[in-house]
Amino acid sequence: MNSSKLIDGKAVAARVLAQVKNDVQALKRDGIEPALAVILVGQDPASQVYVRNKILRAEEAGIRSLEYRLSADTTQAQLLKLIAELNDDDSVNGILLQLPLPAQIEETRALQAIAPGKDVDGFHSENVGGLSQGRNVLTPCTPTGCMQLLEDTCGDLSGKHAVVIGRSNIVGKPMAALLLKAHCSVTVVHSRSVDAQALCRQADIVVAAVGRPRMIDARWLKPGAVVIDVGINRIEEDGRSRLVGDVDFDSALPHVSAITPVPGGVGPMTIAFLMKNTLIAAVQQAHAQAQPASSEAPCLSIS
Ligand code: NAD
């Protein structure tokens, strides 16, 4: 395998986390201790693993974590009350509500209840709108991590043609908005697109977020394209269970100039940017609380 083509998400995520840790230490010297509240409703096994990993990474980065494990029969009113309390608590900077939620809770209502400044997942409509207007708001962690990988790999993205495959609120749409903000020409391809393959073959940058194992092979790719594979699909193959992306890695590799593997590509970036968003939220809240002309305002600039 030509490893020079591999985009090493693990290494980039480790670098981002190390920087976050440094910045958190600097904030603590100013008397500010960033804190992330993680709420899990119910006992979904995958969600339990995600929450445990988020708490562990927060601790490693020096971010205080508060864990709220609510029973599967929690009512919407009870969840909204907890979110309201966390919104009002100045010692909490970020609130993460682990999805999916049990059926009795309306997801949009719960996500909209989180104060936009503490919305470290970037799902509140104020942050979604702010991103589409090109404002500096908290942005969803997975696409923000993809942007970091692209900027590391390609440098200036200005003028490049990017094709995003998938239009979910969590990945596809914010990805397209971030690429547009970085001055790419953006095409979004989805389940109703006509000849998605031909559209994709025009792309300098392909971001695949579909959820279909190995759907995108060499026929979808222009020679020299840069490919970011967001997909995480569990399949049974040769008698064992394994994770594969939305891109057929072996078919794509000879055609591309760079590609993320699965696992080890986009996956580690999501959690790294959750920590970075918590740091950004803490800095912004500290600035907002300080008097405009006060010397007490933290002077941290986040890299
Ligand atoms: P989703 O199911 O919400 O959206 C999938 C999108 O793919 C839809 O917009 C749909 O229009 C499009 N699509 C479906 N079939 C298509 C086709 N044949 N051609 C073109 N487009 C098609 O999924 P999602 O939440 O956006 O997640 C996508 C993938 O990314 C999943 O595998 C998920 O597990 C993975 N994911 C990974 C991370 C990470 O941290 N790496 C985070 C979120 C999601």
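Which polar side-chain atom lies 2.7 Å from an oxygen atom of the ligand?

Author: It is a polar side-chain atom of Thr270 that lies 2.7 Å from an oxygen atom of the ligand; a polar contact is a pair of N or O atoms within 3.5 Å. Taken alone, the ligand exposes 860 Å², of which the protein buries 72%, with accessible areas from the Shrake-Rupley method with a 1.4 Å probe. This is a predicted model, in which local features need pLDDT of at least 70 and side-chain atom pairs count only at pLDDT 80 or more, while totals for chains, interfaces and linings use all residues. Residues are numbered from 1 along each chain as its sequence is written, and side-chain values use heavy atoms, with hydrogens and water left out.

The backbone also takes part. A backbone N or O atom of Arg167 lies 2.8 Å from an oxygen atom of the ligand, and a polar backbone atom of Val230 is 3.5 Å from a ligand oxygen atom. Altogether 20 residues surround the ligand, and the closest are Arg167, Ser168, Val230, Ile232 and Thr270; a residue is near a molecule if one of its heavy atoms lies within 4 Å of it.

Cys146 counts as buried because its relative accessibility is 0%, where buried means under 20% relative accessible area with a 1.4 Å probe and protein chains only.

How values were computed: A polar contact is a pair of N or O atoms within 3.5 Å; within protein, one must be able to donate a hydrogen and the other to accept it, and residues adjacent in sequence count only if both atoms are side-chain atoms. Buried means under 20% relative accessible area, exposed over 50%, partly exposed in between (1.4 Å probe, protein chains only).
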